[in-house]
Amino acid sequence: MIASRAPAFSGELAALISSRNAELVDIPVIQPADQFLDMAGEDLRRRIFLTENENGQSLCLRPEFTIPVCRNHIERNAATPKRYAYLGEVFRQRREGGNEFFQAGIEDLGDANRARADARSLADAIAAVRLVVPKAQLETLLGDQAIFEAVLAALGLPRGWQKKLARAFGNPGQLRSLLADLSSDRQNDALPDRLALLVEQGDEAGLATELEQDMRIAGLSPAAGRAPAEIARRLIEKTTLASIRLPAAAFSALQNFLAIRVPLQSAAGYLLTFARANEFDLGPALEQFEARAASIVEAGLGKETIIYDAAFGRPLDYYTGLVYETRAVKNADLGAVVGGGRYDRLLTMLGAVGSIPGVGFSIWLDRLEKIAGDAQ
């Protein structure tokens, strides 16, 4: 692993983000690994550098800041609303570039006015980038997990399918595969007739008994691995979901929704037209979307290039609404220089007592440094 260095602009950037009513925090490099492995998403999990302490506890080099900053807030029992700024190294295995690089960002916790906090997050992120590259042409892509989930609910899909599709939001390949399953005939895995009958009848207790008996005959301990009752529940759930077919009209509506890609200032109107055409009620999700769009203009971002892409998301369990990323148009091959989003579930998942809303962003400083170098 080659040691990285902080870019020359790091001091100015740290001063800017901490001046945004945010406490600059120092987060340890060595972190407990379990919560990253549970929550960080499949792509990041593959890139984490893992180790153990002398007690066998799984540890890792800090792969990102959001989870440890939120955990630090809980451990301090700090009052909300509270904003935290950070600038430091993160460690990930990457195909290109160094495995050790710097990130900076702000985590905004506890502001009940979600539209205002979302707009402030985006405004702070863009201001931080413009501090370093004031003349760069930026484009921000904005998505909304809550709108996508509201569309799934309006389609009338079973809750199990809604959860599967929501978890795939932001993973185009997986989402396409699931939608193909929903729109075509599928065959379940073959089961012995006696088990297939119990599955068809939804007899969870009877199926669990039969599975436990089969395990004992095969010399397997029912106490090892998943319990027979859990296996039975999952088999019945899988079969029920596999029997669902999405009607052609509903499938077409979902495809039309995912194809929406428009400037943010006209996005609420597009969504309203889409909802009325399909007789969908997008309810509070659309109201929050409209309020956020208005707050973004109020935050002084009306002249920024912000695109709403209905198919844009991130496949992380804790994202609940806004997701966004910002790129420099002339350096689009670098990928996003900023990534942010709302994660109202995260602090509860980390053990907070009561619900604490949160939104935040991270800046890839190595990419920002490259953009600055190319601009000279």
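The count of salt bridges in this predicted model comes to 18. Seven charged residues, Arg-20, Arg-83, Asp-108, Asp-111, Arg-116, Arg-120 and Asp-124, are linked in a network of such bridges. Nine strands form an open sheet, and the largest nonpolar core holds 75 residues.

**Salt bridges**

- Asp-144 and Arg-292 form another salt bridge, with a closest N to O distance of 2.9 Å. This pair links distant parts of the chain, since Asp-144 belongs to strand 7 (residues 138–144) and Arg-292 to helix 14, 148 residues apart. Both Asp-144 and Arg-292 are buried.
- A salt bridge also joins the side chains of Arg-261 and Asp-309, at 2.9 Å from N to O. Because Arg-261 lies in strand 8 (residues 261–263) and Asp-309 in strand 9 (residues 305–309), the pair ties together parts that are 48 residues apart in sequence.
- Arg-261 is partly exposed, with a relative accessible area of 46%, while Asp-309 is buried, with a relative accessible area of 13%.

- The order of the nine strands is 1-5-6-12-11-10-7-9-8, and their pairing is mixed.
- Strand 1 and strand 8 stand at the edges; each has a single partner strand, so one side of each is left without a neighbour in the sheet.
- Strands of a sheet pair through backbone hydrogen bonds, either parallel or antiparallel. Strand 5 and strand 6 pair in the antiparallel sense, over ten bridges. Gly-88 has Gln-103, in strand 6, as its bridge partner.
- Helix 16 lies across strand 5, strand 6, strand 10 (322–328) and strand 12 (358–364). The helix runs at about 50° to strand 12.

- In soluble globular proteins, nonpolar side chains tend to be buried together.
- Among the 75 residues of the largest nonpolar core, those that touch the most other members are Phe-148, Leu-165, Leu-254, Phe-257, Phe-289, Tyr-308 and Leu-368. Helix 5 (residues 114–132) supplies the largest share of this core, nine residues.
- Leu-368 touches Phe-9, Val-129, Val-132, Val-133, Val-337 and Ile-363, when residues up to four places away in sequence are not counted.
- A second, separate core has 32 residues, including Ile-48, Val-69, Cys-70 and Ala-352.

**The two sides of helix 1**

- Ser-10, Leu-13, Ala-14, Leu-16 and Ile-17 are the buried residues of helix 1. Seen down the helix axis, these buried residues fall within an arc of 160°, so they line one face of helix 1.
- Gly-11 and Glu-12, on the other side of helix 1, are exposed.
- The cover over the buried residues of helix 1 includes strand 1, strand 5, strand 6 (100–109), helix 5 and helix 16 (365–375).

**Backbone details**

- Most residues other than glycine have a negative phi, and most peptide bonds are trans.
- The peptide bond from Thr-80 to Pro-81 is cis, with omega near 5°. Pro-81 is found in the loop between helix 4 (66–76) and strand 5 (82–91).
- Asn-21 is not a glycine, yet its phi is positive, at about 55°. Asn-21 is placed in the loop between helix 1 (10–18) and strand 1 (23–24). Asn-21 is exposed, with a relative accessible area of 66%.
- Glu-279, also a residue other than glycine, has a positive phi near 55°. The loop between helix 13 (264–277) and helix 14 (283–301) is the place of Glu-279. Glu-279 counts as exposed, at 75% relative accessibility, because a residue is exposed when its relative accessible area is over 50%.

Terms used: Residues numbered from 1 in each chain as written. Predicted model: local features only at pLDDT ≥ 70, side-chain atom pairs only at ≥ 80, totals over all residues. Heavy atoms only, no water. Core = buried A, V, L, I, M, F, W, Y, C linked by side-chain atoms within 4.5 Å. Buried < 20%, exposed > 50% of the residue type's maximum accessible area, 1.4 Å probe, protein only. Helix = DSSP H or I, 4+ residues; strand = E, 2+ residues; numbered from the N terminus. Contact = heavy atoms within 4.5 Å. Arc of directions from axis to C-beta. Salt bridge = Lys/Arg side-chain N within 4 Å of Asp/Glu carboxyl O. Pairing = 2+ DSSP bridges. Axes fitted to C-alpha atoms, helices over the stretch in contact; angles between N-to-C directions.
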